[in-house]
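Reader: I would like to go through this model one feature at a time. Please give the general idea, then the case here.

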Amino acid sequence: VRKPVRDLPDTPPRKVKLTERMRACQQLVKELQCKKHSDYNWPFLQPVDWVTMKLHDYLTIIKTPMDLGSVKDKFAHYQTPDELLYDMRLIFSNCYHYNPPDCDVVVMAKKLEVAFEQLVVSLPPEVESESSQSDS
């Protein structure tokens, strides 16, 4: 059995101090991975093992696989919160695109997406730059 490959971006990890919004995004990912959401987060914790599951058309249909573990692994490579939020939404859109609407995994994705969007609403606003804060 082959372990699914997680493709990391070619950009080097970020070495700058995290903004408040990026720290909140990091917490958001941790929150969605926690036991509180375990009834419906488990299909999204790691990459779809399409070989073991015999989903031979998976990579033909889903061009950019994404899961919570990959988002966590890529965290240092995200330049902005929007990049992370895009990948998070990609998890859900991939699920809806590949699976029929009445599938159990789609029901779980919808529950996780509701939890995700509730957390996104509570994220701190984007700040223009750290230097503009110190000028005031």
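Reader: Where is the place of Val107?

Author: Helices (DSSP H or I runs of at least four residues) and strands (E runs of at least two) are numbered from the N terminus. Val107 lies in helix 6. This is a predicted model, in which local features need pLDDT of at least 70 and side-chain atom pairs count only at pLDDT 80 or more, while totals for chains, interfaces and linings use all residues. Residues are numbered from 1 along each chain as its sequence is written, and side-chain values use heavy atoms, leaving out hydrogens and water.

Reader: Is Val107 buried, exposed or partly exposed?

Author: Burial is read from relative accessible area (buried under 20%, exposed over 50%, partly exposed in between, with a 1.4 Å probe and protein chains only). Val107 has a relative accessible area of 40%, so Val107 is partly exposed. Its C-alpha is 10.0 Å from that of Cys95, a residue 12 places away in sequence.

Reader: How many helices and strands does the protein have?

Author: There are 7 helices and 0 strands. From the N terminus the order is α-α-α-α-α-α-α. Of the 136 residues in the protein, 35% are buried.

Reader: How are two packed helices described?

Author: The description consists of the angle between the two axes and the distance between them. Axes are lines fitted to C-alpha atoms, for helices over the stretch in contact, with angles from 0 to 180 degrees between N-to-C directions. For helix 5 and helix 6, the axes are 9 Å apart and the angle is about 160 degrees. Angles under 35 degrees count as roughly parallel, over 145 as roughly antiparallel, 65 to 115 as roughly perpendicular and the rest as oblique. Helix 5 and helix 6 are therefore roughly antiparallel.

Reader: Is the crossing of helix 5 and helix 6 left-handed or right-handed?

Author: A crossing is left-handed if the near helix is turned anticlockwise from the far one by less than a right angle, and right-handed if clockwise. Helix 5 and helix 6 cross in the left-handed sense. Among the residues in this contact are Phe92 and Cys95 of helix 5 and Val106, Ala109 and Lys110 of helix 6. By class (Ala, Val, Leu, Ile, Met, Phe, Trp, Tyr, Cys and Pro nonpolar; Asp, Glu, Lys and Arg charged; the others, Gly among them, polar), the contact of helix 5 with helix 6 has 11 nonpolar, no polar and 4 charged residues.

Reader: What does Arg89 touch?

Author: Contact means heavy atoms within 4.5 Å. Arg89 is a residue of helix 5, and it touches Phe116, Glu117 and Val120 when residues up to four places away in sequence are not counted. Arg89 and Phe116 are 27 residues apart in sequence, with a C-alpha to C-alpha distance of 8.9 Å. Arg89 counts as partly exposed because its relative accessibility is 35%.

Reader: Is Asp87 buried or exposed?

Author: Asp87, also in helix 5, has a relative accessible area of 7% and is therefore buried.

Reader: At what angle do helix 1 and helix 5 cross?

Author: Their axes come within 9 Å and cross at roughly 20 degrees, so helix 1 is roughly parallel to helix 5. This crossing is left-handed. Arg21, Met22, Cys25, Leu28, Val29 and Leu32 of helix 1 meet Pro81, Leu84, Leu85 and Met88 of helix 5. That contact divides into 9 nonpolar, no polar and 1 charged residues.

Reader: At what angle do helix 1 and helix 6 cross?

Author: Helix 1 (residues 20-33) and helix 6 (residues 104-121) have axes that come within 10 Å and cross at roughly 150 degrees. Helix 1 and helix 6 are therefore roughly antiparallel, and their crossing is right-handed. Leu28, Glu31 and Leu32 of helix 1 meet Leu112, Ala115, Phe116, Leu119 and Val120 of helix 6. By class this contact has 7 nonpolar, no polar and 1 charged residues.

Reader: Which residues in the largest nonpolar core touch the most other members?

Author: A nonpolar core is a set of buried Ala, Val, Leu, Ile, Met, Phe, Trp, Tyr and Cys residues joined through side-chain atoms within 4.5 Å. In the largest one, of 28 residues, Phe44, Leu84 and Met88 touch the most other members. Helix 1, helix 4 (68-74), helix 5 (81-98) and helix 6 each supply at least two residues of this core. Helix 6 gives the largest share, 8 residues. Not counting residues up to four places away in sequence, Leu84 touches Cys25, Val29, Val71, Phe75 and Tyr78.
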